Amino acid sequence: MRPSLTRHRLDAPGSRRTAAVAAIGPLIMLAGVLWAITQPDRLPLLDPDAHGFWSLAVEPPLLVLLAGIFFHRFIASGLIHDLCGSEVG
Amino acid sequence: MFATGFLVLAACLLAQAIVGDEVWNQSAWRRYFFPGFGFVMGLAMWGVAVLAAGSTIHLLAHCAWAQVMMLAGGAHLGLARGKLQHRFWRLTMPLALGVSGLAFLAHEEHGWLYSRSALVHHICGWTLVVGALFPLGGAFRPSSNFFRLGFAATFVVLAIALFALRDSGPVLGNVPSTARGAASR
């Protein structure tokens with residue numbers, strides 16, 4: 001196995017690692033938005049009378065969007081803060 | 001909902017591979033998040049085993065699945081806390097993934113193209129069986145980014161497969177109702 005694949009973290013400068021972590025959430029959000037646009041039938045909210053409670057409560061493209069927001073807001077922000085702190089320290 | 005959990009988990013594993021263990025473990029909740037999630041999923045699987053067991057093979061598959069998930073989650077909680085030291089405890093993760101994959105495959109009685117549900121079960125089963133190789137390699141080379149990224153990618157594939165699961169969507173010419181009708185003819 002190549003040495004570059006056996007390091008403890010990806011071999012990239014700190015700013016690139018920060019950018020990579022910061023990009024994960026928006027990419028997930030973008031995937032959710034694109035899915036909603038390409039498959040609007042997966043959004044029962046657009047036709048609420050034709051669906052039951054669970055179909056309305058669980059909207060897959062919106063869940064992807066929410067997953068991206070959750071990761072970016074609650075995980076990536078703290079992680080980037082710690083990453084910047086470790087590089088400064 | 002499971003798919004959303006797997007997606008967040010995949011994002012966390014990917015971020016952990018990018019920043020490294022040292023930065024990731026600076027926060028206690030991040031250190032315990034993945035093993036704790038696995039342990040809670042194992043507990044929840046007992047409920048699925050009891051409530052969704054349509055047959056003996058379903059019951060056995062879900063019970064085995066619940067046990068290995070709790071074992072892996074508990075062992076990795078011990079590793080994260082420092083109570084467990086031996087690296088062989090890391091082998092509980094490939095065991096959990098392998099058994100979970102075999103459980104998926106064993107309790108799906110239909111072929112790949114029978115219905116969307118059958119297709120998703122086969123995809124998830126084989127993804128988990130193949131994905132078990134990544135934590136297996138990671139147990140012996142814990143610093144390898146190849147194994148870390150492969151482990152994260154396993155959960156990305158699982159999330160996509162589970163998001164694709166839909167009971168009534170037409171796929172490959174079969175939906176459960178028409179498939180049952182065809183079987184009865």
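**Figure 1. The area buried between chain A and chain B in a predicted model.** The area buried between chain A and chain B is about 2,600 Å², and carbon and sulfur atoms give 70% of it; buried area here is the accessible area, taken with a 1.4 Å probe, that two parts lose on being put together, summed over both. The size of an interface is often given in this way, as the accessible area lost when the parts come together. The structure is a predicted model, in which local features need pLDDT of at least 70 and side-chain atom pairs count only at pLDDT 80 or more, while totals for chains, interfaces and linings use all residues. Residues are numbered from 1 along each chain as its sequence is written, chains are lettered from A and ligands numbered from 1 in the order in which they are written, and side-chain values use heavy atoms, with hydrogens and water left out. The contact, meaning heavy atoms within 4.5 Å, takes 29 residues from chain A and 30 residues from chain B.

**Figure 2. The salt bridge between chain A and chain B.** Between the two chains the count is 1 salt bridge, a term that stands for a side-chain nitrogen of Lys or Arg within 4 Å of a carboxyl oxygen of Asp or Glu. Asp82(A) and Arg30(B) form this salt bridge, and their closest N and O atoms are 2.5 Å apart. Side chains of opposite charge can pair when their charged atoms come close. Asp82(A) and Arg30(B) are both buried, where buried means under 20% relative accessible area, exposed over 50%, and partly exposed in between (1.4 Å probe, protein chains only).

Figure 3. Over all chains, a search of the whole structure finds 2 salt bridges. Asp82(A) lies in helix α3 of chain A and Arg30(B) in helix α3 (residues 28-51) of chain B, so this pair joins two chains; helices (H or I, at least four residues) and strands (E, at least two) are DSSP runs, numbered from the N terminus. Within chain B, the side chains of Arg148(B) and Asp21(B) meet in a salt bridge with an N to O distance of 2.6 Å. Arg148(B) lies in helix α8 (residues 145-164) and Asp21(B) in helix α2 (residues 21-24), so the pair ties together parts of chain B that are 127 residues apart in sequence. Arg148(B) and Asp21(B) are both buried.

**Figure 4. The surroundings of Leu97(B).** Leu97(B) lies in helix α5 of chain B, which covers residues 92-106, and this residue counts as buried because its relative accessibility is 6%. When residues up to four places away in sequence are not counted, Leu97(B) touches Leu128(B), Val129(B), Gly131(B), Ala132(B), Pro135(B) and Phe151(B). Leu97(B) and Ser117(B) are 20 residues apart in sequence, and their C-alpha atoms are 20 Å apart in space.

**Figure 5. The helices of chain B.** Chain B has 9 helices and 0 strands. Of the 185 residues of chain B, 50% count as buried. Among its contacts between residues at least 6 apart in sequence, 64% join residues at least 24 apart.

Figure 6. Chain A has 3 helices and 0 strands, and of its 89 residues 33% count as buried. Thr18(A) is found in helix α1 of chain A, and this residue is buried because its relative accessible area is 16%. Leaving aside residues up to four places away in sequence, Thr18(A) touches Ile80(A) and Leu83(A). Among the contacts in chain A with a separation of 6 or more, residues 24 or more positions apart account for 63%. Chain A exposes about 5,400 Å², and carbon and sulfur atoms supply 68% of that area.

How values were computed:
Accessible areas come from the Shrake-Rupley method with a 1.4 Å probe; for residues, only the protein chains shown count as cover.
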